[in-house]
Amino acid sequence: MGEKVFTFSGGIHPPHFKKQTEKLALANAELPKMVTIPLQQHIGAPCQPIVAVGDLVKVGQVIGQAEAFVSAPIHSSVSGTVKKIGKFLAPGGATTCVVIEADGEDAWDESIQPTKNWLQADAKDLLRIVKEAGITGMGGASFPTHVKLSPPKDKPIDVVILNGAECEPYLTADHRLMLEMPEKVVTGLKVMMRILGVTTGYIGIENNKMDAVAAMERAVADEPGIEVRVMQVKYPQGDEKRLINATTGRVVPSGALPMEVGAVVSNVGTAAAICDAVVEGKPVIERIVTITGSAIEQPKNLVVRIGTQFSEVIEQCGGYKGTPGKLLMGGPMMGLAQYTDEVPVIKGTSGILVLSEEDARLPEPSACIRCGKCVDACPINLLPLFISRYSLNGDFEAAEKYRAMDCIQCGSCSFVCPAKRPLVEAIRVARGEIIAKRRKG
Amino acid sequence: MKNKLIASSSPHIRSKDTTTTVMRDVLIALAPAALAGIYFFGFGAVKIYLLSIASAVITEYIIQKFILKTSVTIGDLSAVVTAVLLSMTLPVTAPWWIPVIGAAFAIGIVKQAFGGIGSNFMNPALAARAFMVASWPVIMTGSWVTPGVDAVSTATPLGLIKESGGFGALSEAGVNFTDLLIGNVAGCLGETSALLLILGGLYLLWKKVISWRIPVAYIGTVAVLYLVTGAAMSEILVQLAAGGLMLGAFFMATDYVSSPVTPKGRLIFGIGCGVLTFVIRKFGGYPEGVLYSILLMNVVSPLIDRYTTPKVFGEVKKA
């Protein structure tokens, strides 16, 4: 293809492992009999329950609400009875959850109605819909989307970029979404552009998903101002600042947000959720999850209700193959390791990855040979070998001087290190110490 | 199941490269030139390689096992790489104890005494060679033979130029450029075949074991300096192909531990090596400047790293 391929400097090429699921069409997971819905599934203030034990709830009904601006309401994903409200284990640690026993009716709340004339709705109403639908970044970081779409007046936005890179190995949720529901993604993008008053939109997709590129290009064919940008397969291509750099050439200043260069970046899954919210009035009650890995019997791409236990989802994929060694929420580069499968799917669960004991085993670190591969791989131009060494020696001031706080924690350095040193892991320790010190000081 | 899951921090996958695979690639890259050394100089070369490897590995084993009582890392092949590199800088006429002492010095003093792999501040093979040139100068630099069965005493191409003070001495002695490229000239075991060393260097570049910066900056600087000082193209080519330049530029200067890690630092390092090599070859007392150039630059490489820290992505210039 004669198309221009966009990219950034640095980065790595981890093996994809996407073959197992990239050809598998989306399917609906079975309706759960019981859901455990955490009241904090996003970065920002946790929600307070607005239901009580014994209440009857319906699908899409608000069960958690917060006054804070940086927060997103939580909705019930099933119809049934509230059984418990209390602390339960969630992928990010124990948090207040609402446990609902489903009645099997799957009855939707009456309030959920399609928006009339949403094409004519004004930006304010659209923004309110996004907020009330509880939309948070579906790529994994889970930042409340309405906050992103409300930039301060002095930061004019001129471009919305959708992240369809899906650069994490193993994951194919975004790939299938773009292939099967490209028009939803485009509609969501148009809504975001309308809210922000922007006329330019890019959809960045890595060139290992040319079928998704083709589907998206067909979907935007009649949309002036929206363009699909094909990007080189490279990790971390999907990182916000990498994506802005690759698609527009703009450089977000260190420590600043994308709005500084007039850009808003959102995941394609977020755009699809916005489409559901605006067109159908549907809040976030489900999401696409890629269930895969060497210890999963039948890898799948499933649409799963929020609050479904990982163990149940895994059961629907034929259960474990052999003995699982590691269970992750998300991809292998930045995913969160879980020590049990008794945790619920949340809005940010892009994948459930289970590695076999053999694949989970981490190699023993040996001495740094100063090969500089971590330096070449770092997309931020840091010197991970030095920062990690200072961190391990407890010299956090030196680590800070070497710009530990600029690290995006993509893990490229640890991945490439031939001596198998825990580079990003040590940098994280330094960052923790530096932040703690700043708070004290 | 609960207690069996590993819950470590990301990333959860690692590349297949290890220190051992990197060292193995270096050995593969060195093989053609090393084998050419055996082809041209005969069985004596085999003896030197084997003695050197055995001495390096045994020294590392004894030090780690009995003196430091740490884990033994001879399996990472780094000692073998040092031994092979050292052998390649020895003349075939060297007596058996030269590779034995040299390799033991390289591993025992230059590498392990400073903390083992990753901590030596100089390239061990080169530092050992420097030590031996100082200790046994006649054996190390004065006993060259022509390749082949009827080996007779002669000087190396660079030695000829140095002694006679002119480039014309080469053709008078019957050394032509093709021989120089292939390695059919007097010299150290593994540094005579420029062509095969370049081949090995390209392999390392292809395997991404080394970056282009040091070798290109090094060789380029030497070429440019001869060019601007008015050397003829033929002389420039001889200067590039002769002596240890290719071995040094691709295999010694690129030694991870003793060279800078920053992209800009690698260029500066390479240029520094090039300038010093030119100066020593042109004005110094030795015919060959690669050894000391790299060692001197090794010493300043931490300094180079410090002053060439790359600009962080999105770093705003301080007003």
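The points below cover the interface first, then the patch.

This is a predicted model: local features need pLDDT of at least 70, side-chain atom pairs count only at pLDDT 80 or more, and totals for chains, interfaces and linings use all residues. Residues are numbered from 1 along each chain as its sequence is written, chains are lettered from A and ligands numbered from 1 in the order in which they are written, and side-chain values use heavy atoms, without hydrogens and water.

**Interface area**
- Chain B and chain A bury about 4200 Å² between them, 60% of it on carbon and sulfur atoms.
- Buried area is the accessible area (1.4 Å probe) that two parts lose on being put together, summed over both.
- B:His12, B:Arg14 and B:Phe313 supply 20% of the area that chain B buries against chain A, more than any other three residues.
- Chain A gives 64 residues to the contact and chain B gives 40 (heavy atoms within 4.5 Å).

- Three salt bridges join chain B and chain A (a side-chain nitrogen of Lys or Arg within 4 Å of a carboxyl oxygen of Asp or Glu).
- B:Arg14 forms a salt bridge with A:Glu425, with the closest N and O atoms 2.6 Å apart.

**Surface patch**
- B:Ile58, B:Tyr61, B:Ile62, B:Phe66, B:Ile67, B:Leu68 and B:Val72 make a nonpolar surface patch of about 640 Å².
- Patch residues have over 30% relative accessible area and no salt bridge; nonpolar side chains (Val, Leu, Ile, Met, Phe, Trp, Tyr) are joined within 5 Å.
- B:Ile62 is partly exposed, at 38% relative accessible area (partly exposed lies between buried, under 20%, and exposed, over 50%; 1.4 Å probe, protein chains only).

Key:
Patches are made of residues with over 30% relative accessible area and no salt bridge: like charges are joined within 9 Å, nonpolar side chains (Val, Leu, Ile, Met, Phe, Trp, Tyr) within 5 Å. Accessible areas come from the Shrake-Rupley method with a 1.4 Å probe; for residues, only the protein chains shown count as cover.
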